[in-house]
Amino acid sequence: MEFIYTYAWLIPVYPLVAAFLLGLGILMFNAWTRANRSLAAFLSVFATGTAMVHAFALLVSQVQGHETVLRTITWAQAGSFSVDMGFVVDHLSAMMLVVVTTVAFLVQIYSDGYMAHDPGYVRFYAYLSLFSSSMLGLVVSPNLVQIYIFWELVGMCSYLLIGFWHDRQAAAEAAQKAFVVNRVGDFGLLLGILGFYWISGTFAFDEIGRNLQEMLASGAVSSSLIALFAVLVFLGPVAKSAQFPLHVWLPDAMEGPTPISALIHAATMVAAGVFLLARMFPVLEGIPVAMDIIAWTGAGTAFLGATIAITQNDIKKGLAYSTISQLGYMVMAMGCGGYGAGLFHLMTHAYFKAMLFLCSGSVIHGMEAVVGHDPVLAQDMRLMGGLRKYMPVTAITFLIGTLAICGIPPFAGFWSKDEILGAVFERNPALWGVGFLTAGITAFYMFRIYFLTFEGEFRGTNLRLRQEVAISQGRPVPAFAYVFAGKQPAFGPGAMNIQEKPQPSSHPEAHENLHDGDAHASEPHESPWSMTFPLLALAVPSVLIGLVGTPFANFFEAFIHPPTESVAEAGSILPLVAAEWQEVLAGHFDWAEFLIMAGSSVGIGLIGITLASLIYWQKRIDPGTFPQSLQPLYYFSLNKWYIDDLYERVFVQGTRFVAREALEVDSRIVDGVVNLTGLVTMVSGEVMKYLESGKAQFYALIIFAAVVVMVVASGVGF
């Protein structure tokens with residue numbers, strides 16, 4: 001089996017070759033490549049599938065107790081300074097390789113159906129392959145320099161994919177926003193990397209941790225300085241994993257195609273931040289200040305994302321804020337020392353969140369048959385409802401993902417979220433309280449999304465007729481505004497009452513708009529098998545994969561924990577788990593503690609589900625009747641805590657104001673001084689050309705005049 005380690009460096013190369021060949025085909029043989037685009041999709045899927053098989057082989061080998069493999073070469077050297085490049089295969093990288101390749105593989109299969117009619121089909125697959133390659137390269141990186149290189153490649157690919165439909169202004173602006181916000185975090189990460197190298201003299205993770213501990217013990221370096229560098233490194237995960245205050249780019253990233261939304265949220269972009277925290281854990285765990293900052297940042301982000309998600313009407317943005325909240329859980333676990341718990345939730349979340357996003361893409365695909373290819377209309381849950389009878393496969397898989405993220409047993413999210421809450425409770429009960437409350441809010445907003453989308457009566461046709469009425473009245477308002485113009489709120493303050501069905505208008509402009517955007521049906525439809533198969537495939541780990549991390553037989557913890565544990569001594573994780581089972585059977589497992597912690601988290605989840613069902617299932621309670629006192633909280637959530645507005649005013653408008661003022665200074669002062677210098681030079685030159693004529697008579701006249709002036713001046717003086 002050694003050959004699978006010898007050629008482990010090929011795992012990121014497989015999709016890279018596919019991306020290169022597809023890009024070459026687009027540039028040099030565009031017509032042929034577009035005509036044979038099925039081959040392009042097959043090449044991309046085959047390359048990622050090959051990487052997936054190789055990754056599973058490595059995972060099996062690591063489970064069986066194979067030691068960590070590290071292979072490096074000297075990439076650059078100048079005197080005593082050198083940078084190594086290579087790959088490392090250990091428990092963490094083996095797990096992440098499987099997660100990234102499996103999700104990427106299923107997303108690429110799904111993309112064949114979702115992007116079937118898109119003219120950028122081949123280009124999309126080229127970007128997907130490059131994105132997957134970048135993340136796989138990051139996972140196997142053995143040091144901070146190599147991680148930073150692939151870190152930037154991941155950011156570049158996300159920019160390309162978020163702005164894939166660059167002819168839409170919203171997509172172009174979202175790509176720019178993601179790029180700029182991530183540059184802030186990446187600059188902090190770069191400073192932190194350089195700072196740690198300056199102190200420790202190495203870029204390798206384990207060596208940095210050992211050197212820092214020795215220097216702290218000897219007093220050779222200040223603990224405050226190390227904490228500063230740790231926080232700077234943490235800025236990288238803050239941006240990549242969308243933690244407060246750099247979380248604002250992730251919801252806007254939903255302007256990209258839905259398959260890339262699934263890949264960004266599940267296995268690539270946002271996972272990179274948590275993965276870096278895991279890689280840096282040997283360094284960070286010895287810095288209490290940094291760990292506290294990480295833990296509280298994660299807790300605050302979890303609560304922030306959940307409270308915003310409860311009012312979102314765009315199905316993808318609701319799931320995006322859900323991702324922000326769940327990433328906050330992972331970061332909070334890392335900050336509390338729950339290394340295994342955070343990574344366990346990273347793995348389970350990758351599968352059920354990928355499924356949820358792909359389900360949302362299936363819903364959008366079905367809705368476009370009714371409302372046309374308008375993302376604003378096709379993604380708004382107020383136009384949906386009753387989709388379960390039209391899209392049964394999508395509905396049941398979405399429900400599975402919803403139960404998983406709500407932490408309902410025995411679904412995967414229950415085991416990983418309970419593991420996090422247990423680890424956090426041991427470290428800081430206050431943080432546990434935030435996570436506990438967030439769990440209830442999570443259950444509420446996820447079932448809100450489910451009920452608004454799949455239960456009740458289909459509302460798309462009624463709202464399209466509302467759109468007709470608005471146009472017939474000659475109101476010059478955009479589609480999004482006149483679709484939701486109504487009398488009474490139906491799904492919250494300011495929403496529309498859809499109980500009354502308006503009559504179709506005879507206005508010709510309204511009739512044309514009814515058929516705009518390629519709308520051709522009165523009912524949505526289920527997606528093709530290329531889209532539903534990945535949903536069913538992802539439903540399996542969403543249900544079962546949590547069983548590898550049960551508290552009484554924790555395969556995952558025994559496998560993923562840092563190699564200082566006894567896995568290497570046992571030769572495999574199986575004897576360790578068997579020993580745990582023996583303790584359970586012998587009655588040594590504390591069932592009371594487990595039932596109290598797990599029961600409380602399930603209980604708060606059930607409360608959230610109950611509230612959502614009362615409000616949104618069959619509309620038994622009209623949210624429009626919410627007390628007036630609660631409406632400020634509603635709008636506070638709907639407007640995303642006004643954080644985006646604050647950033648718009650302070651950073652966007654502030655930067656533009658500074659730029660305008662700088663332009664005024666440049667044009668009036670800098671350019672004015674330069675222009676004045678030129679004018680003085682020109683005028684003086686014009687004057688001097690008469691004084692330097694070269695005629696002796698003229699010079700004599702000047703001398704005579706000067707003498708006369710001096711004589712007169714002398715006479716006046718006397």
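In the predicted model, the largest nonpolar core comprises 193 residues, and those with the most contacts inside it are Met95, Met96, Phe196, Trp249 and Leu343. Helix H17 (residues 339–371) supplies the largest share of this core, with 19 residues. When residues up to four places away in sequence are not counted, Trp249 touches Ile162, Lys177, Ala178, Val181, Asn182, Ala239, Lys240, Ala242, Ile264, Met269 and Val270. A second, separate core of 16 residues includes Val424, Trp432, Ala439 and Ile604.

Trp432, Ala439 and Ile604 also take part in the contact between helices H21 and H29. The axes of H21 (residues 429–454) and H29 (residues 591–616) lie 8 Å apart, and the two helices pack at an angle of about 35° in a right-handed crossing. On the H21 side, the contacting residues include Phe436, Phe444, Phe447 and Phe451, which, with others of this helix, meet H29 residues including Met597, Gly605, Gly608 and Tyr616. By class, this contact has 15 nonpolar, six polar and one charged residues.

A further helix pair is formed by H2 (residues 10–28) and H6 (residues 121–139), whose axes come within 8 Å and cross at roughly 155°. H2 is therefore roughly antiparallel to H6, and the crossing is left-handed. Among the H2 residues making the contact are Pro12, Pro15, Leu22 and Ile26, while H6 contributes residues including Arg123, Tyr125, Leu130 and Leu136. The residues of this contact divide into 13 nonpolar, five polar and one charged.

Key:
Residues numbered from 1 in each chain as written. Predicted model: local features only at pLDDT ≥ 70, side-chain atom pairs only at ≥ 80, totals over all residues. Heavy atoms only, no water. Axes fitted to C-alpha atoms, helices over the stretch in contact; angles between N-to-C directions. Helix = DSSP H or I, 4+ residues; strand = E, 2+ residues; numbered from the N terminus. Parallel < 35°, antiparallel > 145°, perpendicular 65-115°, else oblique. Left-handed = near helix turned anticlockwise from the far one by under 90°. Contact = heavy atoms within 4.5 Å. Nonpolar A, V, L, I, M, F, W, Y, C, P; charged D, E, K, R; others polar. Core = buried A, V, L, I, M, F, W, Y, C linked by side-chain atoms within 4.5 Å. Buried < 20%, exposed > 50% of the residue type's maximum accessible area, 1.4 Å probe, protein only.
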